[in-house]
There are 2 protein chains.
Amino acid sequence: MGSIEGVEQNNGPSPHTLTIRYDAETDRVLIIDQTRLPHEYIEVELKTLADACYAISSMQVRGAPLIGVTAAFGVYLSLRGKNDIAAQRIVPQAVEALAATRPTAVNLRWALTEVEASLARCEGNLAASALEAALELHAQDIKACAQLGEHGAQRLQELWDAKNERAALEGLPKPERLNILTHCNAGSLATVDWGTALAVIYKAQARGIPLHVWVDETRPRNQGASLTCWELGQRGVAHTLIVDNAGGHLMQHGYVDCCVVGSDRTTLLGDVCNKIGTYLKALAASDNGIPFYVALPVSSIDFSLRDGLTEIPIEEREAEEVSHISGLDDLGAIRRVKLAPTGTVVSNFGFDVTPARLVSGLITERGVIEANETALIKLRDSLV
Amino acid sequence: MGSIEGVEQNNGPSPHTLTIRYDAETDRVLIIDQTRLPHEYIEVELKTLADACYAISSMQVRGAPLIGVTAAFGVYLSLRGKNDIAAQRIVPQAVEALAATRPTAVNLRWALTEVEASLARCEGNLAASALEAALELHAQDIKACAQLGEHGAQRLQELWDAKNERAALEGLPKPERLNILTHCNAGSLATVDWGTALAVIYKAQARGIPLHVWVDETRPRNQGASLTCWELGQRGVAHTLIVDNAGGHLMQHGYVDCCVVGSDRTTLLGDVCNKIGTYLKALAASDNGIPFYVALPVSSIDFSLRDGLTEIPIEEREAEEVSHISGLDDLGAIRRVKLAPTGTVVSNFGFDVTPARLVSGLITERGVIEANETALIKLRDSLV
C-alpha cells in the first residue's frame with residue numbers, strides 16, 4: 001500500500017512508503033497515521049484544512065520537516081474547489097490555523113511562508129499554485145534529507161575508521177560495530193522520507209559501516225520505542241531500545257561512540273531545540289568525550305534568533321500524555337492505561353534547548369558545519 | 001489497616017503504615033505490596049523464606065534500606081519452627097538465597113551480616129534471635145531515616161533562607177516556595193518509614209518551609225509516578241509529575257532550587273550508585289549551579305569500594321520492564337500493555353553511578369558530609 005517501487009536513487013526517495021504523498025490520479029493527499037504505529041500501519045486521507053490541522057496537532061504527522069510539508073498541503077486543501085476570489089480570502093485564515101497547530105518547530109512557519117510567496121506571485125489558479133508549492137516542498141525535503149544523510153555518513157565513516165585505528169594501535173580485536181545513540185524519532189517518519197538523524201544512519205549503513213543504534217524510548221510519547229524501533233526494524237538496522245534514563249550509564253561505560261539527534265529549531269548561535277531530554281544526553285556526551293551531532297535541514301534553522309534558551313517558545317502539551325500511556329494489550333487491542341495516582345498534577349514541556357557549546361556539529365544538506373555564529377552566518381549568506 | 005496511631009514523635013515512626021511490620025500477637029510479618037500501588041493498597045503476609053525472596057526480587061518491597069530489613073525477616077522466617085540443629089544448617093542457605101535476590105544495594109548484604117553476627121553470638125533459640133535482630137534493624141532504620149531527615153531539612157532551611165534573601169536584595173517579591181527535584185522513590189516506601197530523600201522533604205515540611213517537589217516518573221518501573229506521587233499525596237506535599245527527560249529543561253529555567261535523591265550504594269570516594277538516570281540529573285544540576293544532595297543511611301555506604309564506576313555491580317533486569325508497562329485501564333483493572341514493536345531488543349540496566357564530583361553533599365543520620373574520601377574516612381572511623 002503506497003510503497004514506491006523501483007531502483008533506489010542516491011538522493012531520491014528510498015524504496016519505502018512516504019509519510020505524506022499526493023496521488024495525482026485521484027487528487028488525494030495521504031499520510032501514514034503515526035499515532036497507530038508500531039502496532040497498526042494505516043494510511044489516512046487528508047480531505048480538508050481541518051484534517052491537516054488535526055493531523056499536525058494530534059501528531060498523526062510529527063517531526064519538524066514533515067509538519068511543514070503537511071501544512072503546505074493543508075493550504076492546498078483549503079483552496080481546492082474554491083474560485084480565486086473566495087481563495088484570496090481563505091489563504092490568510094488557513095495559514096493562521098495551520099501555524100497555530102504547533103509552536104516550536106520553525107519549519108511550519110517557513111513552509112507556510114514559502115507557499116504564501118508562491119501564491120503572491122501566482123497569476124493563474126490559486127489552488128493549483130498551492131499544490132505546486134506543496135509538491136515542490138515535498139521534493140525538496142526528500143532531496144535535502146538524502147543529502148544531509150550523505151554528509152553525516154561521511155562523518156560516521158571517519159569515526160568508524162578512527163575506532164578501528166585505535167583498536168589496532170592498542171592491539172585489541174577489530175571493533176564489531178559503531179554504536180550510535182539517538183533520541184526521539186528523527187527518522188523517515190519525521191520527514192517525507194529518509195529522515196534527518198536516521199538519514200545519517202541509513203546512508204552509513206549503505207556504505208557498509210556495521211552500525212548499532214541505541215534508541216531512547218523518548219517519554220512521554222515514546223516516539224523512540226514506537227517509531228524509531230519500527231523504522232529501523234523495517235530497514236534492517238541493528239538496534240536496542242533503552243529508557244531515557246539509561247544513556248548516561250552507557251556513555252560512561254564506552255558503549256556509545258556517537259550521538260546523532262534531530263532538531264526542531266536551531267538558532268544563529270547554534271543552540272538546538274529538540275525533543276525534551278536531548279539536553280541531558282548532550283551533557284552526558286560532553287562529560288564522556290563523545291561526539292554529539294545534530295542533523296537538520298537548513299529550513300529548520302531560525303536565523304532570526306540568537307539565544308535558544310530565552311527566545312524559542314517551548315510547547316506545553318496535555319497532562320494525559322504523561323499520566324497515561326497507550327499500548328497493545330494481550331488481546332491485540334490498543335488500550336490506554338493510567339500510570340499515576342488520580343488527581344496528580346503534571347507538567348509536560350515538549351522540547352528543551354541544548355546550548356551550542358555541547359554540540360559537536362550541525363549536519364545539514366549543505367555539509368557539516370560547526371554550531372557557532374561564524375559558521376551559521378556563513379551558511380546563511382550562502383543561501384541568498 | 002495497619003496504620004500506627006498516636007502522636008508523631010520526632011525520631012519515631014510517622015503516623016502512617018509501615019512498609020514492613022511484625023505483628024507480635026499473631027507472629028506475622030506483613031508488607032505493603034508496592035507492585036500494586038498506586039492503584040491498589042494491599043498488605044500481604046510473608047510466611048516463608050521463599051516469600052521474602054520473591055518479595056525482594058519482584059519488587060513488592062524495594063529501596064535499599066527496606067530490602068535489607070526484609071532480608072533480615074527472611075532469615076527469621078527460614079528458622080521459625082525449626083529446632084536449633086536444623087536451624088544451624090539452614091542459616092547459610094537462607095543468607096545465600098536472600099543475598100542473591102538483588103545485586104546492587106549494599107544494605108542487603110549488610111543486614112544479612114548483622115543477622116548472622118547476632119546468630120553467631122546467640123546461645124538460646126536461633127529463630128528468636130533472628131527475630132530480635134530483624135526487629136532491631138527495623139527500629140534502627142526508622143531512627144536513622146528520621147535523623148537524616150532532620151539534618152537534610154536544616155540544609156533545605158538554609159537554601160530557603162538564602163532564596164528569600166536573594167529575592168529581598170534584588171527587590172523581587174517573596175518567593176512562593178522551595179522547589180526540589182527527586183528521582184525514583186527514596187521515600188517511606190523505600191525504607192521502613194520516613195524514607196531518605198523524602199524524609200528530608202517531610203522534616204522540612206514539618207518546619208513550615210513551603211515546598212514543591214518535581215517528581216521524575218523514573219522509567220522503566222515508574223516508581224516516581226506510582227510511589228513517590230502516591231506518598232507525597234498521602235502526606236499533603238505539593239508535587240508535580242514530570243517525565244525523566246524534563247529535569248534539565250526545568251533546571252535551565254530556574255524552576256529547581258535543589259535536587260535530593262537516595263542511594264543504593266555509596267563508595268569511600270563518595271561515588272553514588274542510585275536508580276538509572278540519577279547521573280543525568282546530577283550533570284544538569286552541575287551545569288546549572290544547583291545543589292545536588294544524596295540522602296542515605298550510613299548502612300548503605302560500602303567503605304570497601306573506591307571507584308563506583310568500575311567496582312559496583314549494576315543489575316540488569318528483564319526486557320519486559322521496558323517493552324511493556326502496567327497501569328489502570330478505563331474499567332478499573334490493572335492491565336499490561338506493550339509499547340514497542342514485537343521482537344525489539346531491549347537493554348535494561350537498573351542503576352547508574354554519579355561521580356562524587358557532581359554531589360554537593362551526603363545527608364546521613366550522622367550529619368551532612370562532603371562526598372569525598374577525607375569526609376568518608378572520618379565518618380567510617382567515627383562508627384567504631
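A:Lys281 and A:Asp216 form a salt bridge in which the closest N and O atoms are 2.8 Å apart, a salt bridge being a side-chain nitrogen of Lys or Arg within 4 Å of a carboxyl oxygen of Asp or Glu. Because A:Lys281 lies in helix α9 of chain A and A:Asp216 in strand β5 (residues 211–216) of chain A, the pair ties together parts that are 65 residues apart in sequence. Helices (H or I, at least four residues) and strands (E, at least two) are DSSP runs, numbered from the N terminus. Both A:Lys281 and A:Asp216 are buried, where buried means under 20% relative accessible area, exposed over 50%, and partly exposed in between (1.4 Å probe, protein chains only).

This is a predicted model, in which local features need pLDDT of at least 70 and side-chain atom pairs count only at pLDDT 80 or more, while totals for chains, interfaces and linings use all residues. Residues are numbered from 1 along each chain as its sequence is written, chains are lettered from A and ligands numbered from 1 in the order in which they are written, and side-chain values use heavy atoms, with hydrogens and water left out.

Side chains of opposite charge can pair when their charged atoms come close. Over all chains, a search of the whole structure finds 41 salt bridges. One of them joins A:Asp257 to A:Lys163, with the closest N and O atoms 2.7 Å apart. This pair links distant parts of the chain, since A:Asp257 is in the loop between α8 and β7 (258–261) of chain A and A:Lys163 is in helix α5 (residues 126–169) of chain A, 94 residues apart. A:Asp257 and A:Lys163 are both buried. Elsewhere, A:Arg102, A:Arg221, A:Glu315, A:Arg317 and A:Glu321 are linked in a network of salt bridges.

The next part concerns the place where the chains meet. The contact (heavy atoms within 4.5 Å) takes 62 residues from chain A and 62 residues from chain B. About 4,900 Å² is buried between chain A and chain B, and carbon and sulfur atoms give 62% of that area; buried area is the accessible area (1.4 Å probe) that two parts lose on being put together, summed over both.

Across this interface the rule finds 5 salt bridges. In one salt bridge the side chains of A:Glu217 and B:Arg219 meet at 2.6 Å, N to O. A:Glu217 lies in the loop between β5 and α7 of chain A and B:Arg219 in the loop between β5 (211–216) and α7 (223–234) of chain B, so the pair joins two chains. A:Glu217 is buried, with a relative accessible area of 0%, and B:Arg219 is buried with a value of 1%.

Between chain A and chain B there are also 24 residue pairs in polar contact (both at pLDDT 80 or more). A polar contact is a pair of N or O atoms within 3.5 Å; within protein, one must be able to donate a hydrogen and the other to accept it, and residues adjacent in sequence count only if both atoms are side-chain atoms. The elements that give two or more residues to the side of chain A that touches chain B include α7 (223–234), β6 (239–242) and α9 (278–287) of chain A, and α9(A) gives the largest share, 6 residues.

Leaving aside neighbours within four places in sequence, B:Leu79 is in contact with residues including B:Ala87, B:Ile90, B:Leu119 and B:Ala130.

Some features of the backbone complete the picture. A cis peptide bond with omega about 0° joins A:Leu37 and A:Pro38, and A:Pro38 lies in the loop between β2 (28–32) and β3 (43–46) of chain A. In chain B, the peptide bond from B:Leu37 to B:Pro38 is cis, with omega near 0°. B:Met59, in the loop between α1 (49–57) and α2 (64–79) of chain B, has phi near 65°, a positive value in a residue other than glycine, and B:Met59 counts as buried at 3% relative accessibility.
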